Amino acid sequence: MVKVAPSILSASFNTLALEIDKVIKAGADLIHLDIMDGIFVPNITFGPLIYKDIPKYDGVEFDAHLMVIQPENNIQSFLDSGVDRISVHVEATVHLQRMLQLIRHHHIKPAVALNPATPLSTLEWVLEDLDMVLIMSVNPGFGGQSFIKGMLKKIELLKEMILKKGLSVEIEVDGGVCPENIRDVVNAGTDIVVAGSAIFGKPDYAEAIQALKHY
Ligand code: DX5
Ligand code: ZN
């Protein structure tokens, strides 16, 4: 079954710990943390200091999505923060393989994120070093945008690439995922869906998560 990773970008920051507790009790598999620096993307969110204060839960992974230019400049604070997965954008660093090695060295699952216009060929020489690829299905920066349909083909091609190499890299899809498109997203080969507005925008989180898992 597809794993669901609620993005706290769409949660109320006023009661963040409570919102995370609610969404975990409602069936979230991972908690997705959108870290934005205002340069790589036109928005600023939060950094590892906020994460530090969030209570941790057994069996629920914290999944940091770094939308940060040159993550090598402040990666250490994320490595020390205790998150379970870190995605760095291929467009944001010239030392991608070094970043992945460093993340793995800290026993954190390394992942690469690709903007919608970035080709899969950028993964060719790092796929073996990854636990996950994050396919952006909106242009990063904001929650609540519409899913870019052309990304379905990209997910299919990525799945083929992974299978051809005999790897078990997970595919995470982020942006605009909702009950109306979840079937297509999963059938294309997605293992994990990130959902912000499709969960935090709904009154009943359990119902919203079930709508994504049982489509
Ligand atoms: C966009 C973020 C996403 C986004 C998802 O830059 O990476 O995680 O918040 O939100 P929805 O599901 O509302 O598109
Ligand atoms: Zn994200």
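User: What spacing do the donors of the zinc ion (ligand 2) follow along the chain?

Analyst: Keep in mind that this is a predicted model. The donors of the zinc ion (ligand 2) are spaced H-x1-D-x30-H-x108-D along the chain. In residue terms, the ion is coordinated by His32 through NE2, Asp34 through OD, His65 through ND1 and Asp174 through OD, at 2.0 to 2.3 Å.

User: And how do I read the arrangement of the donor atoms around the zinc ion (ligand 2)?

Analyst: Start from the ideal: six octahedral donors give angles of 90 or 180 degrees. Here the six donor atoms subtend 67 to 169°, which makes the arrangement octahedral.

User: Are His32 and Asp34 buried or exposed?

Analyst: The cut-off for buried is under 20% relative accessible area. His32 counts as buried because its relative accessibility is 0%, and Asp34, at 4%, is buried too.

User: Next, the core. Which residues have the most contacts inside the largest nonpolar core?

Analyst: The general idea is that nonpolar side chains tend to be buried together in soluble globular proteins. In this model the largest nonpolar core has 66 residues, and those with the most contacts inside it are Ile31, Ile86, Leu123 and Ile135. Helix H5 (residues 151-164) gives the largest share of this core, six residues. Apart from it lies another core of six residues, among them Ala5, Leu30, Ala111 and Met132.

User: What is Ile135 in contact with, leaving aside its neighbours within four places in sequence?

Analyst: Its contacts include Leu114, Leu120, Met151, Ile155, Leu158 and Ile171. Asp174 is also one of the contacts of Ile135, and Asp174 is a zinc ligand as well.

User: How about the sheet: what is the order of its strands?

Analyst: It's an open sheet of eight strands with parallel pairing, in the order E1-E8-E7-E6-E5-E4-E3-E2. Strand E1 (3-6) and strand E2 (30-36) are the edges, each pairing on one side only. From one strand to the next, the twist averages 25°.

User: Last one, a helix. Which residues of helix H1 (residues 16-25) are buried?

Analyst: In an α-helix, residues three or four places apart point the same way, because there are 3.6 residues a turn. In H1 the buried residues are Leu16, Glu19, Ile20, Asp21, Val23 and Ile24. What covers them includes E1, E2, strand E3 (61-67) and helix H8 (205-213). Just after H1, Gly27 takes a positive phi of about 115°.

Notes. Residues numbered from 1 in each chain as written. Chains lettered and ligands numbered in written order. Predicted model: local features only at pLDDT ≥ 70, side-chain atom pairs only at ≥ 80, totals over all residues. Heavy atoms only, no water. Donors = N, O, S within 2.8 Å, 3.2 Å for Na, K, Ca; no water. Tetrahedral: all angles 85-135°; square planar, octahedral: opposite > 155°, others 65-115°. Buried < 20%, exposed > 50% of the residue type's maximum accessible area, 1.4 Å probe, protein only. Core = buried A, V, L, I, M, F, W, Y, C linked by side-chain atoms within 4.5 Å. Helix = DSSP H or I, 4+ residues; strand = E, 2+ residues; numbered from the N terminus. Contact = heavy atoms within 4.5 Å. Pairing = 2+ DSSP bridges. Axes fitted to C-alpha atoms, helices over the stretch in contact; angles between N-to-C directions.
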